[in-house]
Amino acid sequence: MLGALRRKVASGRSSASILGKSLQAIRPGVSASRVSSNAGKEMLSVQLRGIAHVWNFSHLVLPGCSAGLTKTRDAICIIQPEAIMQTSCRAFSSGDGDLVDAVVPFMGESISDGTLATFLKKPGDRVKADEPIAQIETDKVTIDVVSPQDGVIQEYVAKEGETVEPGTRVAVISKSAEGVAAAAPTEKKSEKAASEPSPAEAVKEDKPKAKIEASAAAAKPKAPSPPPPKRTASEPVLPPKERERRVPMTRLRKRVATRLKDSQNTFAMLTTFNEVDMTNLMKLRSDYKDAFVEKHGVKLGFMSGFVKATVSALQHQPIVNAVIDGDDIIYRDYIDISIAVGTSKGLVVPVVRDADKMNFAEIEKTINNLAKKANDGTISIDEMAGGSFTISNGGVYGSLLSTPIINPPQSAILGMHSIVSRPMVVGGTVLPRPMMYIALTYDHRLIDGREAVFFLRRIKDVVEDPCRLLLDV
C-alpha cells in the first residue's frame, strides 16, 4: 500500500489528495473531515498539530512495526519535507549513541564513596579522552573523573558536595556539539518566557499591592519600641555573626581529625626528647652534594640521613617497630617508613617501602617522588597504605619543639625540628653548634621508657657520626 502511495506521489499527482484517498481506502471508518477532498486544509492542520494524525495512521497500518513507521515518515517527508522536519526534529541520544556518560571510577578497596569536590570544566567546554573534568575527594586522596571520549560536556548530572559511589553518573558527554547547540536556544527561550509575566498576572499583582498600600496608610503609627537594655561592664561584647563564615570540612580533614582523636583515646602516649649536633651530617652533605647530584640526579638532603638512622635504631630496638593487636604483639620483620607530608588539602603520609634495603640516593628519590605526588593530589591509596614507623619533619616550617601524635596502627613516631645555632660545650670550650631537638612519641603500653630512650640515643649517635653506618657500630 505504501509502495503504491510513493509511486503516485512521484508521478506528480496532488500529495494531499493522494493521502486523503489512501486514508479512505485503509480506514473507511475515519471521519470525513480527516479524509475529505479538501486535503490542503487537512494537511495544514496536520502540520500545525505536529503530524499527530499521520503518527496514528502509521500505527494503524502496521502496529508495533518500526519498518512501517519509517516508511510513513518517508512519505510525509516527500509531501512536505521542510515543514515536517522543522516541526518534529528531535535529538535521540539513545539511537545514534552520540551521548556517553562520565562516571566515578574505582577508588580503591578501602574506599566505598567520596564527595564531589569541584568541577574542572563547564557545560559546553570541549574535552579530550581521559581529560579530568571533576574531582572526587575521599578520606585519603583526591581522584579525578575523566571524560571517556572526545566531545563536549552537555550537562552535569551530579552536584558539587554530593556523596558519590563508584559507577555514579557525573556528566553527559556529547561526541558532537549538535546536542549542546540545539539545547541552548530552547533553554534561553524557556527562561525568558518564565521571567516575563503575562499581562493578566501583572494586573492581578497590581491590585493586591494597591490594597496593601491603602491599608498601610490607614493604619495608625505604632509607638516607638523601647531602647535595648544597656550592657554592663562584665558582659563580653561578641563580634557580629556577619563577620563569621561557616565552611564544611573536607573528607580528608574529617578523616585526619577522626584518626588523631582515635589515636589519643587508644594509646598511652608519652614523649621523650633529645638534641642532635648536626655538624658532621651538614659537613658530609656540603662535601659531597655536587658529586651526589651529578651521579644520582637528585639532591642530598637531611631526610635520607635520618631515615637511615631510624632504620638502624629500629633494628636495635625491634619493639618500637611492633604493634599491639588485641592480646597479642605483632613483630614486623620489615621496615616501612611513613613520611608525613603537609599539603594544602591536609596531611598525608606516603610510605617508603623496605627502607632498610635502600641507599641514600634511593631514599631521596623515593621521598621526592612521593612528596610531589602528594602536593599534586595524584598520590594513590597503595602508596599511603601500611607503614611501621613515621617521621614528621616540622623543622621545614620552623618548629623548634613539638610532641607528635602516633599514626595508628603504628606504635611510635619521630619528630624532627628546625636547626638552630646554639652555644655548646665541646672539649671544654664553648662553641656555636647547629643543634636540632628530636622527639619520640611512643605507646607506653608496649614500649618502656628504657627502649624509647635507647632508640632516640641511637638516632643521635648515627646522625652525629655517620661513619657508624659503614662500620655497623
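This report describes a predicted model of one protein chain, from its overall make-up to single residues.

## Overall make-up and confidence

The protein chain has 473 residues, of which 35% are buried. Its secondary structure consists of 16 helices and 19 strands. Among contacts with a separation of 6 or more, 62% join residues 24 or more positions apart.

The average pLDDT of the chain is 76, and 67% of the residues score at least 70. Over residues 8–96 pLDDT stays under 50, and the model has 66 contacts beyond four places in sequence for them. Over residues 202–208 pLDDT also stays under 50, here with zero contacts beyond four places in sequence. Where pLDDT is low, the predicted coordinates should not be read in detail.

Strand β1 covers residues 99–103. Val-100 and Ala-102 form its covered face, whereas Leu-99, Asp-101 and Val-103 form the uncovered one. In a regular strand the side chains alternate between the two faces of the sheet.

Strand β8, residues 169–174, pairs with β1 in the antiparallel sense over five bridges. One of the residues involved is Val-103, whose bridge partner in β8 is Arg-169.

## A four-stranded open sheet

Another group of strands forms an open sheet of four, in the order β5-β4-β2-β7, with antiparallel pairing. β5 (142–146) and β7 (163–164) are the edge strands, each pairing on one side only.

Within this sheet, β2 (residues 114–119) and β4 (residues 132–137) are joined by four bridges in the antiparallel sense. Leu-116 stands opposite Ile-136 of β4.

## The nonpolar cores

The largest nonpolar core has 40 residues; those touching the most other members are Phe-306, Val-307, Ile-337, Phe-389, Ile-391 and Ile-459. Two or more residues each come from α13, β12, α14, β16 (389–393), β17 (412–416), β19 (429–443) and α15 (449–464). Helix α13 gives the most, with eight residues.

Leaving aside residues up to four places away in sequence, Phe-306 touches Met-278, Leu-281, Ile-391, Met-416, Met-436, Ile-438, Ile-459 and Val-463.

## Ala-313 in helix α13

Ala-313 is found in helix α13. With a relative accessible area of 0%, Ala-313 counts as buried, because the cut-off for a buried residue is under 20%. Beyond residues up to four places away in sequence, Ala-313 touches Phe-455, Arg-458 and Ile-459. Ala-313 and Lys-460 are 147 residues apart in sequence, yet their C-alpha atoms are 9.7 Å apart in space.

## Helix α14

Helix α14 has 17 residues, 360–376. At 1.5 Å a residue these should span 24 Å, and the end C-alpha atoms are 24 Å apart, so the two values agree. Just after the helix, Gly-377 takes a positive phi of about 80°.

Which residues of α14 are buried? They are Ala-361, Ile-363, Glu-364, Ile-367, Leu-370 and Ala-374. An α-helix has 3.6 residues a turn, so residues three or four places apart point the same way. The cover over the buried residues of α14 includes helices α12 (279–296) and α13 (302–316), along with strands β12 (337–339), β13 (341–343), β14 (346–348) and β15 (351–352).

## Backbone details

The loop between β16 and β17 holds Pro-409. The peptide bond from Pro-408 to Pro-409 is cis, with omega near 10°.

Asp-354 lies in the loop between β15 and α14. Its phi is near 50°, a positive value in a residue other than glycine. Asp-354 counts as partly exposed because its relative accessibility is 32%. Asp-472, in the segment after α16 (467–471), has a positive phi near 55° and is likewise not a glycine. Asp-472 is exposed, with a relative accessible area of 60%.

How values were computed. Residues numbered from 1 in each chain as written. Heavy atoms only, no water. Expected span 1.5 Å × (residues − 1). Buried < 20%, exposed > 50% of the residue type's maximum accessible area, 1.4 Å probe, protein only. Contact = heavy atoms within 4.5 Å. Core = buried A, V, L, I, M, F, W, Y, C linked by side-chain atoms within 4.5 Å. Pairing = 2+ DSSP bridges. pLDDT = per-residue confidence, 0-100.
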